[in-house]
Amino acid sequence: MSNRRSRQSSNATRISDDQMIDLVSKLRQFLPEIRERRRSDKVSASKVLQETCNYIRKLHREVDNLSDRLSLLLDSVDEDSQEAAVIRNLLM
C-alpha cells in the first residue's frame with residue numbers, strides 16, 4: 001500500500017516533457033549569453049540549467065559587491081543625515 005502511495009505522489013509531482021521544454025525556454029529568455037544566440041541554435045536543457053546557476057552566482061556576487069560599496073559609503077556620511085537614511089533603506 002505504501003509503495004502505491006509513493007508512486008501516486010511521485011506521479012503527481014512529475015513534470016511532462018512539454019512542461020520541461022516550456023520551463024527551459026522561459027529560462028533561456030533570462031540568460032544574457034544564451035538569449036543573444038539565434039532562436040534556431042540548439043542549446044541543451046542541461047546547458048541552460050548550468051548557465052542559469054552561473055548567472056545566479058554572478059548576480060549574488062554583484063549584490064554582495066553593491067552591499068559592500070553601500071556600507072563603505074554609509075561609513076563616510078553623517079549617520080543622522082538624509083543620505084545615510086537612504087543608504088540604510090537600500091541595505092535593508
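First, the ground rules. Residues are numbered from 1 along each chain as its sequence is written, and side-chain values use heavy atoms, with hydrogens and water left out. Since we have a predicted model, local features need pLDDT of at least 70 and side-chain atom pairs count only at pLDDT 80 or more, while totals for chains, interfaces and linings use all residues.

The overall picture. The protein has 5 helices and 0 strands; helices (H or I, at least four residues) and strands (E, at least two) are DSSP runs, numbered from the N terminus. Read from that end, the order is α-α-α-α-α. Of the 92 residues, 15% are buried. Buried here means under 20% relative accessible area, exposed means over 50%, and partly exposed is in between (1.4 Å probe, protein chains only). The protein exposes about 8000 Å², and carbon and sulfur atoms supply 52% of that; the areas come from the Shrake-Rupley method with a 1.4 Å probe, and for residues only the protein chains shown count as cover. Among contacts (heavy atoms within 4.5 Å) between residues at least 6 apart in sequence, 12% join residues at least 24 apart.

Now helix H2, residues 17–30. Its 14 residues should span 20 Å at 1.5 Å a residue, and the end C-alpha atoms are 21 Å apart, which agrees. The expected span is 1.5 Å times one less than the number of residues. Which residues of H2 are buried? They are Val24, Ser25 and Arg28.

Together with Ile15 and Leu23, Met20 makes a nonpolar surface patch of about 260 Å². Patches are made of residues with over 30% relative accessible area and no salt bridge, with like charges joined within 9 Å and nonpolar side chains (Val, Leu, Ile, Met, Phe, Trp, Tyr) within 5 Å. A salt bridge is a side-chain nitrogen of Lys or Arg within 4 Å of a carboxyl oxygen of Asp or Glu.

Last, helix H4, residues 45–75. Glu51 lies in H4 and counts as buried because its relative accessibility is 14%. Leaving out residues up to four places away in sequence, Glu51 touches Leu31, Glu33 and Ile34. Thr52, also in H4, is buried at 12%. With that exclusion, Thr52 touches Leu27 and Leu31.
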